[in-house]
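User: I am new to this structure. Please show me how to read its main features, one at a time.

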Amino acid sequence: MELDELDLETITPRQVRQYLKDKYVIVASNRGPVEFRRAPDGSIKAYRGAGGVVTAMSTALTATDAVWISTARTREDARIAHETSHQRLGMPPERPQYWVKYITPESTEYQQYYNVISNSLLWPLQHYLFDVTRKPTVDETVHEAWVNGYRKVNRLFADEIVKEIHSSDKKPLVFLQDYHLFLCAHYIRRREPDVLIHHFTHSPWVQSDYLRLLPQAMRRDLLQGMLANDVLGFHTYHYANNFLHCCREGEAVRASVDFKRRVVRHGERETYVRHYPISIDHEALERITKRQEVAEYRARFLALAQDRKLLVRVDRVEPSKNILRGLQAFEHFLRRHPEWHNRVIFANVLYPSRLELAEYRDLKRQVEELSHAINREYGSLEWDPVYLDIEDNYPRSVAALLEFDVLLVNPVIDGMNLVSKEGAVLNTRDGVIILSVAAGAYQELRNAVIPVNPLDVAETANAIHRALTLSERKRKAMAKAARETVQANTSFKWFLRQMRALRLVERQREERRREKEPFPPLPRYESFD
Ligand code: F6P
């Protein structure tokens with residue numbers, strides 16, 4: 001049976017395993033599903049990799065026998081990788097469903113690739129977070145980091161992927177993830193012209209005017225790198241459209257765009273531009289809720305709230321997440337609604353993030369200061385309005401999502417935002433979700449949430465009040481709608497859609513070959529001036 005003949009609603013893991021019998025799935029992302037760190041008692045412990053890519057991919061890969069290539073982020077990762085036979089670790093170790101492999105760039109090149117380019121240039125670019133009158137300044141250090149760090153680590157990934165392709169007789173299917181690996185397909189393609197490659201962008205993709213802020217040579221690398229893939233996946237139609245427009249403007253790459261088929265032609269290749277919103281595996285999440293640690297954190301949140309309402313946020317301490325405006329909105333709400341004093345707690349359940357960068361350290365400090373200031377101003381002996389916990393701790397976040405009365409998700413901009421989706425399926429109290437209209441998830445959840453403009457703290461304060469005072473009937477209806485919307489789309493389906501898209505490309509190629517249909521010549525170079 002062909003993958004594209006199976007119904008995504010009824011497809012079973014057995015059918016997928018059957019389909020993958022003669023295929024070798026290779027996934028690559030900067031951060032892998034597991035990270036090893038030395039615990040204070042000297043033992044080495046495995047921690048779940050943080051973030052959306054890990055959440056979605058680790059469940060999608062169940063029983064695929066895939067290999068997942070990522071960078072070794074700790075000394076222990078690198079050591080374990082070298083000591084393990086064939087340098088691959090089974091996941092989970094007791095009964096492997098897929099394999100993890102680490103690449104180990106040198107520390108300077110990793111720092112250039114991750115901190116200078118991925119986190120300080122590409123991430124803010126893709127989230128419209130440039131402070132253009134002051135930052136970033138693209139100087140020689142940045143150009144050098146592009147060449148010696150970003151290109152280099154993308155090449156290292158490509159080398160490892162090519163090695164894996166040659167290690168198996170099965171047909172390889174390569175799935176690249178995110179802005180860290182925008183150039184990787186280009187380096188694979190040079191050696192493997194026919195291999196099927198899919199890239200998924202987990203962040204937004206910006207409009208062409210904004211992309212133009214990236215220097216021409218980098219923009220050219222980036223678009224050429226992306227166009228070496230067979231299929232490009234984005235979270236929303238809108239981001240996919242932005243990408244098509246970036247290619248159409250043609251001043252960085254010579255390409256032609258067919259908006260109707262959503263295809264970009266570049267040289268002798270065609271790249272399909274698709275959108276499939278990422279989701280979560282709600283069944284796996286529900287299994288996590290049964291863990292003892294989750295039960296303990298749940299009890300702690302209940303003890304903290306007592307008979308008060310629990311307003312929750314769960315986020316990395318990350319500028320795009322808009323944590324400070326969340327606190328400002330809460331402060332505004334307390335000022336306007338003294339009747340709510342001592343009746344609500346705002347639990348900020350946060351993860352430390354990218355602390356190598358001054359901007360992230362400053363943000364963490366500001367979040368701490370503002371939380372304390374609100375507690376000083378409004379708190380009393382028996383009540384701290386803001387509860388703040390910044391720790392890498394997944395069970396604690398799951399517990400908070402089970403127990404919220406209101407969940408605040410107000411990013412300035414977010415590719416998707418899986419917290420809103422996790423909250424929708426986990427919550428046990430008919431909690432209300434306040435969601436920024438600038439989160440990708442808003443496209444799916446708009447009828448089941450209270451929308452907010454992320455910059456408008458007055459509106460967000462009103463939304464908090466509205467969420468806390470909604471009738472029980474309304475809360476139930478919204479929570480049900482949110483839950484059902486999320487449950488209708490799993491991370492497994494998200495991944496199947498990508499496999500299906502690659503299969504369609506393969507078929508077209510076969511047909512073209514059979515009919516010996518030549519590629520029509522490229523239309524005239526489209527320059528936008
Ligand atoms: O949003 C895309 C994403 O890859 C998330 O999965 C992750 O939270 C983030 O970007 C990357 O974070 P980090 O730099 O901590 O790996």
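User: At what angle do α15 and helix α18 pack, and how far apart are their axes?

Analyst: First, the ground rules. This is a predicted model: local features need pLDDT of at least 70, side-chain atom pairs count only at pLDDT 80 or more, and totals for chains, interfaces and linings use all residues. Residues are numbered from 1 along each chain as its sequence is written, and side-chain values use heavy atoms, with hydrogens and water left out. Helices (H or I, at least four residues) and strands (E, at least two) are DSSP runs, numbered from the N terminus. Axes are lines fitted to C-alpha atoms, for helices over the stretch in contact, and angles run from 0 to 180 degrees between N-to-C directions. Here, α15 and α18 (residues 472–487) pack at about 115 degrees, and their axes are 8 Å apart.

User: What does that angle make α15 and α18 to each other?

Analyst: Angles under 35 degrees count as roughly parallel, over 145 as roughly antiparallel, 65 to 115 as roughly perpendicular and the rest as oblique. So α15 and α18 are roughly perpendicular to each other.

User: Which residues of α15 and α18 meet?

Analyst: Contact means heavy atoms within 4.5 Å. On the α15 side these are K421, A424 and V425; on the α18 side, A482, R483, V486 and Q487. Ala, Val, Leu, Ile, Met, Phe, Trp, Tyr, Cys and Pro count as nonpolar, Asp, Glu, Lys and Arg as charged, and the others, Gly among them, as polar. The contact of α15 with α18 has four nonpolar residues, one polar and two charged.

User: How do α14 and α15 cross?

Analyst: Their axes come within 8 Å and cross at roughly 60 degrees. α14 and α15 are therefore oblique to each other. In this contact, α14 supplies Y394, V398, L401 and L402, while α15 supplies V419, E422, G423 and L426.

User: What is the strand order in the open sheet of six strands?

Analyst: Strands of a sheet pair through backbone hydrogen bonds, either parallel or antiparallel. The rule used: two strands pair if DSSP finds at least two bridges between them. The order is β15-β14-β13-β16-β17-β18, with parallel pairing. β15 (386–390) and β18 (450–452) are at the edges with a single partner strand each, so one side of each lacks a neighbour in the sheet. From one strand to the next, the twist averages 20 degrees.

User: How many bridges pair β17 with β18?

Analyst: Three, in the parallel sense; β17 covers residues 432–436. I434 stands opposite I450 in β18.

User: Which strands does helix α12 lie across?

Analyst: α12 (residues 323–336) lies across β13, β14, β15 and β16, at about 175 degrees to β14. Helix α14 (residues 394–403) lies across β13, β14, β15 and β16 too, at about 150 degrees to β14.

User: What is the pairing in the sheet of ten strands?

Analyst: Mixed, and the sheet is open, in the order β5-β6-β4-β1-β7-β8-β9-β12-β11-β10. Its edge strands, β5 (89–91) and β10 (256–258), each pair on one side only. β11 (residues 263–266) and β12 (residues 269–275) run antiparallel, joined by four bridges. V263 has Y272 as its bridge partner in β12.

User: How is the chain divided into domains?

Analyst: Domain bounds come from an automatic or database domain assignment. Domain 1 spans 12–279 + 493–510, and domain 2 spans 282–487. Their centres, taken over C-alpha atoms, are separated by 30 Å. Between them, 24 residues of domain 1 are in contact with 23 residues of domain 2.
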